[in-house]
Amino acid sequence: MDTSYTSMKTVIISNRLPVKIIEENNEYTFIPSEGGLATGLGDVYKNGNSIWVGWPGIEVPEDRQQEVVEKLAALNLYPVFLTQDEINLYYEGFSNEVLWPVFHYLVTYAHYEQSYWDCYRSVNDKFAQTTLKLLNKNDRIWIQDYQLLLLPCILRTQQPFATIGFFQHIPFPSYEIFRLIPWRKELLNGLIGADLIGFHTYDDVRHFISTATRLLPVNSTANVLSKGDRQIVVEAFPMGIDFDKFSGLTTTQEVKKEIDYFKSGKNEVKFILSIDRLDYSKGILERLRALELLLQHHPEYIGKIELYMIVVPSRDSVPQYRDLKEQIDQLVGNINAKYRSINWIPINYFYRSFPIEVLSALYATADICLVTPMRDGMNLVSKEYIASRNQNDGVLILSEMAGASKELTDALIVNPNNLGDIMEAILVALKMPLDEQQRRMKAMRSIVEKFNVKHWVQNFILRLNEVKDTQKSLLTK
Ligand code: G6P
């Protein structure tokens, strides 16, 4: 490896910064952002030679922007300010009412509005302008996720020799789905401005290559696309978590206290955990229906199991998210009203976020973790549960539609649309002997420990360096 690269600065760019602003009594404070990208990469960037460009999460009036710039600069974070119109059209509109549903195969949720697209283009350009002001000649650029698909090409046009990596944290759909988008070619052209494009799974890579070669005048050899004298490498980099952090947390005094609190008086009750952002891709309603099915067909478990379901508020100004929230509220209410007794309730439902210590205690206490998304790029909750199981017990039930299912093959793998399948998996998990739990958990822990988030970052950066070196040597031939 060319060692000059190790001293290169990395400019990470994502829609959201790893912190977001909360305004209370006219005071701004910063709290961690939700979601896999921010939690996964949020700690890693602090340790390296990196800066991060992104939106701070709310509209900041012009006369207060300087204050925010200064506070964030101390954390090596550089804000891109969005107006309320841009938040509505680029973030809620194009990103979350077009790309998010289509990339998660929920095409009927998509609204192909021209105004969304126009704003998506101009905001990608805005991100480019902020980045270009911060960029030095030898910096490497690492763009994150679907909100910035046009950014690689915009930056390439301005800086033809720049080192540009792109990683997508959500699935890439098959050609038949992707081609429905009116601006499909523009999106692909935007993306192939990068030198290296990464996805979580090999299936995403396959879908992307097949889509690009069918829609664009590019050639492909294995996982390399070529356009003129440029080569673009497309590869799978399954994202990991900070294993040591989650494993270590469960042994702290604070978390131990929480664990004792959860366990007290519940020796006879098996505890099932579910944690997600509010999102229709997460299969929350189906998961609840599967639990209802179980209570209906296996009344012997009434009073013997409890679901702790945390739904972290997200995108609640997008209509489909608001509707989903109402449906969840209703279904939880119905199930609890039907099955609860004076001193037992089947679903403990929380619509809020929790500090990491509480999450850690929940992970460490749960007999079963139920992760059943309809479709998910990776799903880091499943890995956080595994890292928190220091005794090697507990059972993970995991959707085959989550990227994580490709690595965590010792989980009980289910089809999230098959409620009977989920119910059966819960029954198997409830009865699983300890030695089988331990055999499966040990195997999964070694994978999550080894392929942790540091490994993911290093692997991507190393590959980006190699790809750039190869390109340079091809050009000088
Ligand atoms: C997923 C996406 C991220 C996004 C996160 C939270 O993890 O891959 O790009 O930041 O959800 O969603 P939000 O819309 O609140 O940023």
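The chain averages a pLDDT of 95, and 98% of its residues score at least 70; pLDDT is the predictor's confidence in each residue, from 0 to 100. This is a predicted model, in which local features need pLDDT of at least 70, side-chain atom pairs count only at pLDDT 80 or more, and totals for chains, interfaces and linings use all residues. Residues are numbered from 1 along each chain as its sequence is written. The model scores ipTM 0.98 and pTM 0.96.

**Confidence along the chain**

- Helices (H or I, at least four residues) and strands (E, at least two) are DSSP runs, numbered from the N terminus.
- Over residues 1–5 pLDDT stays under 50, and the model has five contacts for them beyond four places in sequence. Two residues are in contact if their C-beta atoms, placed from the backbone, lie within 7 Å.
- Where pLDDT is low, the predicted coordinates should not be read in detail.

**The nine-stranded sheet**

- Nine strands form an open sheet with mixed pairing, in the order β5-β4-β1-β6-β7-β8-β11-β10-β9. Its edge strands, each pairing on one side only, are β5 (77–79) and β9. Neighbouring strands are turned by 20 degrees against each other on average, direction ignored.
- Two strands pair if DSSP finds at least two bridges between them. Axes are lines fitted to C-alpha atoms, for helices over the stretch in contact, and angles run from 0 to 180 degrees between N-to-C directions.
- Strand β4 (residues 50–55) pairs with β5 in the parallel sense over three bridges. Trp52 has Leu77 as its bridge partner in β5, and Gly54 has Pro79.
- β4 also pairs with β1 in the parallel sense, over five bridges, with Thr10 opposite Ser50.
- Six of the six residues of β4 are buried, so the strand is largely enclosed by the rest of the structure. A residue is buried if 20 or more other C-beta atoms lie within 10 Å of its own, exposed if 12 or fewer, and partly exposed in between, with C-beta atoms placed from the backbone.
- Helix α6 (residues 151–158) lies across β1 (10–16), β6 (140–144) and β7 (163–167), and runs at about 175 degrees to β7.

**The antiparallel hairpins**

- Strand β9 (residues 219–221) runs antiparallel to strand β10 (residues 224–227), and three bridges join them. Thr221 has Val224 in β10 as its bridge partner.
- Two residues lie between the strands of the β9 and β10 hairpin. Ala222, in the loop between β9 and β10, has a positive phi near 50 degrees, although the residue is not a glycine. Ala222 is exposed, with 7 other C-beta atoms within 10 Å.
- β10 pairs with strand β11 (residues 230–236) in the antiparallel sense over four bridges. The bridge partner of Ser226 in β11 is Gln231.
- The hairpin of β10 and β11 also has two residues between its strands, and Gly228 takes a positive phi near 60 degrees there.

**Another positive phi**

- Most residues other than glycine have a negative phi, and most peptide bonds are trans.
- Tyr105, which is not a glycine, has a positive phi of about 70 degrees. Tyr105 is placed in the loop between α4 and α5 (114–134) and is partly exposed, with 15 other C-beta atoms within 10 Å.

**The nonpolar core**

- The largest nonpolar core has 134 residues, of which Ile13, Phe94, Leu151, Ile368, Leu396 and Ile397 touch the most other members. Helix α4 (residues 84–103) gives the largest share of this core, nine residues. Such a core is a set of buried Ala, Val, Leu, Ile, Met, Phe, Trp, Tyr and Cys residues joined through C-beta atoms within 7 Å.
- Leaving aside neighbours within four places in sequence, Ile13 is in contact with nonpolar and other residues, including Val53, Gly54, Phe127, Thr131, Ile141, Ile143, Gln144, Leu148 and Leu151.

**Helix α18**

- The 23 residues of helix α18 (residues 453–475) should span 33 Å at 1.5 Å a residue, and the end C-alpha atoms are 33 Å apart, which agrees. The expected span is 1.5 Å times one less than the number of residues.
- Buried residues of α18 are Val453, Trp456, Val457, Ile461, Leu464, Asn465, Val467 and Lys468.
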